[in-house]
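The following note sets out points for a colleague to check against the coordinates. Please read them with the structure displayed.

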Amino acid sequence: MQLKTTQTQPSGPRSTPILGPGSIRDPALLRLITEAKRVAQLAYCPHSHFPVGAVVEAEGGELFVGCNVENASFGLTICAERNAAFQMVSHGHRQILTVVIYTPTAEPTAPCGACRQVLNEFGPRARVVSVCDGPGLIDTTLERLLPQAFGPGNLSALK
Ligand code: THU
């Protein structure tokens, strides 16, 4: 697994800036990316060989990490994002500000549908950033990834 923390620009006539992890200057976000890369190395993924590292930043700035943990009974696999979110809740927090996802791939990986739904429970306004080993970067929001989400508010409608 390649764990690059900086992105170099290819030499040549190209002048268009490459938007990727290397273009991120915000030290707080860079710290989340470093943590996501670190925890991806702990992924248990003997079946897919697809490691994922995720970090959630809770209200107050505390960080919680998660990696994917697979199972021989495939459906019992848990994704990195949900692991990170559940860690946060287990430590007494209820609000996600930012999620960073790292995969050692050429293209960034957006959270799966199940993880989007779980993230919505605790971070409907969260920023979601996916980084990888290539120059690509997804920098979006949960609202964009899961429009018209079903959430706790729908349940309170009948109470
Ligand atoms: N995976 C994640 O950890 N997060 C996602 O959002 C997508 C998929 C994991 C689950 C499984 O261990 C592997 O990636 C392949 O699906």
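Which residues of the largest nonpolar core touch the most other members? The points below begin with that matter.

1. The model is predicted: local features need pLDDT of at least 70, side-chain atom pairs count only at pLDDT 80 or more, and totals for chains, interfaces and linings use all residues. Residues are numbered from 1 along each chain as its sequence is written, and side-chain values use heavy atoms, with hydrogens and water left out.

2. Val-56, Met-88, Ile-96, Val-99 and Leu-119 touch the most other members of the largest nonpolar core, which has 18 residues. Such a core is a set of buried Ala, Val, Leu, Ile, Met, Phe, Trp, Tyr and Cys residues joined through side-chain atoms within 4.5 Å. Buried means under 20% relative accessible area, exposed over 50%, and partly exposed in between (1.4 Å probe, protein chains only).

3. At least two residues of this core come from each of β1 (53–58), α2 (80–90), β3 (96–102), α3 (113–122) and α4 (142–145). Helices (H or I, at least four residues) and strands (E, at least two) are DSSP runs, numbered from the N terminus. The largest share, 4 residues, is supplied by α2. Another core, of 12 residues, lies apart from this one and includes Ile-24, Leu-29, Ile-33 and Val-100.

4. In α2, the buried residues are Ala-80, Glu-81, Arg-82, Ala-84, Ala-85 and Met-88. They pack against β1, β2 (63–67), β3 and α3. Beyond its neighbours within four places in sequence, Met-88 has contacts (heavy atoms within 4.5 Å) with residues including Val-56, Phe-64, Ile-96 and Phe-122. Gly-92, which follows α2, has a positive phi near 90°.

5. Gln-148 sits in the loop between α4 and α5 (152–156) and is exposed at 83% relative accessible area.
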